[in-house]
Amino acid sequence: MIIDIHAHAYPERIAKKVKERMESVSGSRVENVGTPEALVEGMEKNGVNHSVFLPVATNPGQVGKLNAQAIRWMEEYGNRGLVSFAAVHPDTAELKMVMRGIRNSGLRGIKIHPDYQETYFDDIRYLRILDAAAEEGLLVLVHAGMDEVYPDQVHCDVKRILRVLEEVECSHLILAHMGGWQMWTDVKKYICGAPVYMDTAFSLTGTVSVENRGVYGKMLDDHQFTELVRLHGSDRVLFGSDTPWSSQKENLEWIQKCSLNPGEKTQILGENARKLLTLG
C-alpha cells in the first residue's frame, strides 16, 4: 500500500489562480492544476492508494468553510482514496468544541502552518491545539522549517520544535519536510530520535527557485536522506509529496530507487501511515 501523507488541492474556481501565484512567487514547478479531481487522477496513474488532503486556514474565519469542504471532498473522493485532514487556526474560538467536531466528522487530523498563520510554533495557542488534538485522537501535521514562499521569517525552526517537545506530548505530531525544510543539519543533531513523525514532502525532488530573494536551497541527496531515516527510525518516517508543488510520481520513484532496504521503503511508502490513519 502506498500512502501520500502530504497533498494539497483547491476548488476549481480558484485552482488556476493559486497555481499561477505560487509559481510566480516561489518559482516552483506545479505538477497539475491542483484540483481534487486532478489529485485522484494522479494517484490512480501513479499507483498511490491514498492521499491525505491538507487544508490551511490563514485566518480563523476560514476554519468552518475549509472543514466543510474537506468533509465534502472526502465523501466525494473517499472511494478513490482521498483522506481529509481539517484546518485549525491559532485564533480558533471554542477550540475543544471544534476539535471534537473534527473527530466526529471522520477527519483524521489537522494541518497547521506557522508561517502562513504568522504564529511561532512554540506559541501557547499551538500548544493548546496539540493538547486538544491529543485528547480527540487527532494527528497534527505542521509545516516545519523554511517556506520557499516566505523565506524571510521562519516560524517553526528546530529550536521552537524542541521547546514544544519539552512542553507537550507529541507522539501524534508529524513534522513536514523531514523535520525542517533546509534545516536538516539541525534536524539530524537535535530532532532525530524524538517521539515525532517526519514526512518526506518537498525534501527529495522538486524545484527550488527563490534566488532572486537571496535564498538558495538543495534537496536531500540519497546519503543525507538515508542517514536521517536511520537516525530517526524508518518506523517514524512517512511518504509525502506536497503535490501539486512537487511531483507525486517523481517522489515515489526517488524513494523506490534510494539506498534504503526494501523493509524500510515499505514502512515509509505506506505501512507507517496505514497504522497512523487506521486504514485497512
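**Figure 1. Strands S7 and S8 pair in the parallel sense.** In this predicted model, strand S7 covers residues 173–175 and strand S8 covers residues 197–199. The two strands are joined over 2 bridges. Ile174 stands opposite Tyr197 in S8. Strands of a sheet pair through backbone hydrogen bonds, either parallel or antiparallel.

**Figure 2. Six strands form an open sheet with parallel pairing.** The order is S4-S5-S6-S7-S8-S9. Which strands stand at the edges? They are S4 (86–87) and S9 (237–238). Each has a single partner strand, so one side of each is left without a neighbour in the sheet.

**Figure 3. Strand S4 runs parallel to S5.** The two are joined by 2 bridges. Ala87 stands opposite Lys111 in S5. Strand S5 spans residues 109–112. Gly109 and Lys111 point one way from the strand. Ile110 and Ile112 point the other way. Are these four residues of S5 buried or exposed? All are buried, Lys111 included.

**Figure 4. Strand S6 is covered on both faces.** This strand holds residues 139–142. Leu139 and Leu141 lie on one side, Val140 and Val142 on the other. All of them are buried. S6 pairs with S5 in the parallel sense, over 4 bridges.

**Figure 5. Val52 is buried in strand S2.** The strand runs over residues 50–53. The relative accessible area of Val52 is 0%; the cut-off for buried is under 20%, so Val52 counts as buried. Which residues does Val52 contact, leaving aside its neighbours within four places in sequence? They are Asp4, Ile5, His6, Ala7, Val83, Phe85 and Leu277. One of these contacts, Asp4, is 48 residues away from Val52 along the chain. The C-alpha atoms of Val52 and Asp4 are separated by 6.2 Å.

**Figure 6. Glu12 is exposed in helix H1.** The helix covers residues 12–26. Glu12 has a relative accessible area of 69%; exposed means over 50%, so Glu12 falls in that class. Lys265 is 253 residues apart from Glu12 along the chain. The C-alpha atoms of Glu12 and Lys265 are separated by 34 Å.

**Figure 7. The whole protein sets the close-ups in context.** The protein has 10 helices and 9 strands. Its radius of gyration is 17 Å, close to the 19 Å that the globule rule gives for 280 residues, so the protein is as compact as a globular protein of that length. The C-alpha atoms fill a box of roughly 45 × 45 × 40 Å, taken along the principal axes. Buried residues account for 57% of the 280. Among contacts between residues at least 6 apart in sequence, 78% join residues at least 24 apart.

**Figure 8. The surface and the charges of the protein.** How many side chains are positive, and how many negative? There are 31 positive and 38 negative side chains. The centres of the two sets lie 1 Å apart.

Note on methods
Residues are numbered from 1 along each chain as its sequence is written. This is a predicted model: local features need pLDDT of at least 70, side-chain atom pairs count only at pLDDT 80 or more; totals for chains, interfaces and linings use all residues. Side-chain values use heavy atoms; hydrogens and water are left out. The radius of gyration is taken over C-alpha atoms; the globule rule is 2.2 Å times the number of residues to the power 0.38. Buried means under 20% relative accessible area, exposed over 50%, partly exposed in between (1.4 Å probe, protein chains only). Contact means heavy atoms within 4.5 Å. Lys and Arg count as positive and Asp and Glu as negative; His and the chain ends are not counted. The place of a charge is taken as NZ of Lys, CZ of Arg, CG of Asp or CD of Glu. Two strands pair if DSSP finds at least two bridges between them.
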